[in-house]
Amino acid sequence: MRSHRFIFFFVIVWILGCLLLLPMESGAYVNHREEPGKESKEKSKVDIVLEADSVPFPLPSRRQIIDADKGAFCLTCHRMPYPTAPQKPARPGEQPLSSIQITPPGGWQLLTVLPYPFSKKMAGWSPDGKRIVYSVNLFQNDWDLWIMDANGKNRTPLLSGPTIDMAPDWSPDGKFIVFQSNRSGNFDLWIMEIATEELTQLTNEPNEETMPKWSPDGKKIVFQSNRSGNEEIWLLEIGTGKWTQLTQDGAKKENPVFSPRGDRIVFVSDRSGKRNIWVMNADGSGQRALTRGPDEDTAPSWGPDGKKIIFSRERGGNQDLWVMNPDGSEQIRLTTYPSAETDPHWSPDGKWVIFSSDIRGRWDILRMQADASMVDPSRSPLKRLTDSEAREVGAIWSPDGRKIAYNSDANGHWSIWTMDPDGKKKRQLTGDDEDAGWPSWSPDGKKILYWGCREGNQDVWVMDADGSNKRRLTDHPALDGDAQWSPDGKRIVFVSERIGKGDIYVMDADGSNQKRLTFTDALDWTPYWSPDGEKIAYVSNQTGKWEIWTLDVETLEGKHLTPDSGGNFVPRWRPPDGSQICYVGWRGGEYTIKGSFDVVVMNVDGSGKRELAPSPFDERSSRWSPDGSRIVFWSWRTGSPQIYVMNADGSGLRQLTDNLAYNVFPSWSPDGKRIAFESDRMGNFDIWVMEVPEQ
């Protein structure tokens, strides 16, 4: 057997070596490179897919689930890229899914890397959670068993040959693997001792036995068999070889799995006309349905503590992962991506879920972190406020903290919505005759400023906080937007391209007395008022680099604050006195080549620049707390964007979110006790909220 494995493994290596000659990176990765001075038109549409546990470098600037062209929002400053008007967003299902250009959505980690057309399915954890066994289809209907570390590394063939070996399950003591194989002519159950590679055939019948699973005590195996003429659930005692039929009602049964205590078995039955999840006692008694309805529910698996069951549900031609209580209650959808996800299994410590997905065109093994916000929202410190299949982004608190305004494409275009801080009383404020985005509350909370795009033209609009009394404040053929209230609510600063690429203007709150403030041929954008309402900080590329400037609104006296570097964004004045400006600045090399974004503070005259919590990874979207004592931001330092908070001097750095999803763009509540942020841990971007730990 060892010589046979060696020959087969040599063939595999030769095939993979040939594949490296194809125009793709190793596995299914694309590392989009250009020759110096040559730019690719497709650059913004290609994401970087990386080895498990690796860190993106250079870091991807956009996600595929965010429209990478018009209608996108900038991950640096969290705004629509001015002067582009919002467009109808391209939903994930409308985008071409290339088998060599797919980035798994936030919260997912690709563990298998053999490229298309190889398939990988039916993975299982070792009892210690350190390794994963899975099935690989290298050739047409030739399934082999492979093994890898839990992070996807050290992938090694375990059992190979011209037969179909699949559906592996680890014994409770970690010494054996049971699986189904047709090596004896038809599908039977086999056991492999891992240390010696010795094979033992458990069943040898003219019928087929498939989908075996160990009992927790390692003495029995539950499986499905057509021995009685119908696909039923059977039990095999390993020591005696005794068979016991557990189901026998004429319906098809499949996917049986013991509960962690061994007292129950969850399985799939189509006795209602659709495949649903059922449960029964270990002796076959007490059978009852856990799921009902028109959907197809398959591949159930118990959580390690027996308190949850994870399964795959097919709805509308797509399969997603769901979780529920053992009695079928509190069914929660975990994935919403337009690909099929099935065969889920919790890690022994309950922190991870591995599953099969065809996100790259053929099946792969992926994993995601199973945090409390996904499986038990009532116990999570993070509360999900929006749960539609749309994208909800840009959460902004009202001045009194009683409402949150945000952007949503729930109706196929960008609209402005509001909701209570607990996610209740959602209300759409802008209609279906316009695209609208990036709301800004007036200081008294009575009005909302926003971008409105009607009949192809974008202007600055205002409405009452309940969505009534909409009024256009700018009415020019050019694009106007990026508007912000002055601290006293009497004036509005905005950006317009009516003269050139983009200049900063100011007007009274009713739209009158519009006055141009900047006079360059560059793009001047993202203006922010100082707390006293006398100056504006903004970003301009008038020197050829993105740099921060300030401007006195009355005298038009300007000051260049960052002449020493390029790639500086999101300037924000420190409240309540405006004594400092915090921003994100590119450090470590020529902008866009090598380096990282860091959170930087400086005095209002540009002196005293100091990097806070520097790291070789990107830190973005820094925002002062309402009292100016802390700064919240998101960082790539753990391998995926996470929310962090620190003191104003950079001390007391604390990570607030911890999973594989994109957790980005935090927004302080007025009392400084909560943070609203965006996360795609459920597949699409949603608004979440959490309490901020005290200093």
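1. **Basis.** The model is predicted; local features need pLDDT of at least 70, side-chain atom pairs count only at pLDDT 80 or more, and totals for chains, interfaces and linings use all residues. Residues are numbered from 1 along each chain as its sequence is written, and side-chain values use heavy atoms, with hydrogens and water left out.

2. **Overall.** The protein chain holds two helices and 52 strands (DSSP runs numbered from the N terminus: H or I of at least four residues, E of at least two). Of its 695 residues, 58% are buried (under 20% relative accessible area, 1.4 Å probe, protein chains only). Take contacts (heavy atoms within 4.5 Å) between residues at least 6 apart in sequence: 40% join residues at least 24 apart.

3. **Glu 341.** This residue lies in strand β22, residues 341-346. Glu 341 is buried but has no salt bridge (a side-chain nitrogen of Lys or Arg within 4 Å of a carboxyl oxygen of Asp or Glu). The nearest side chain of opposite charge is Arg 333, 7.4 Å away; Lys and Arg count as positive, Asp and Glu as negative, while His and chain ends are not counted. The side chain of Glu 341 does make a polar contact of 2.5 Å with that of Ser 339 (N or O atoms within 3.5 Å, one able to donate a hydrogen and the other to accept it; residues adjacent in sequence count only if both atoms are side-chain atoms). Leaving out residues up to four places away in sequence, Glu 341 touches residues including Trp 108, Asp 320 and Phe 355.

4. **Cores.** The largest nonpolar core has 39 residues (buried Ala, Val, Leu, Ile, Met, Phe, Trp, Tyr and Cys joined through side-chain atoms within 4.5 Å). Strand β50, residues 663-668, gives the most to this core, with three residues. Leu 334 and Met 368 touch the most other members. Apart from this core lies another, of 28 residues, among them Trp 529 and Val 600.

5. β10 pairs with β11 (220-225) in the antiparallel sense over four bridges; pairing needs at least two DSSP bridges. Glu 209 stands opposite Ser 225. Five residues separate the strands, and Gly 218 in the turn has a positive phi of about 75 degrees.

6. **Open sheet.** Four strands run in the order β14-β15-β16-β17, with antiparallel pairing. β14 (253-258) and β17 (288-289) are the edges; each has a single partner strand, so one side of each is left without a neighbour in the sheet. β16 and β17 pair over two bridges. Trp 278 has Ala 289 in β17 as its bridge partner.

Notes. Buried < 20%, exposed > 50% of the residue type's maximum accessible area, 1.4 Å probe, protein only.
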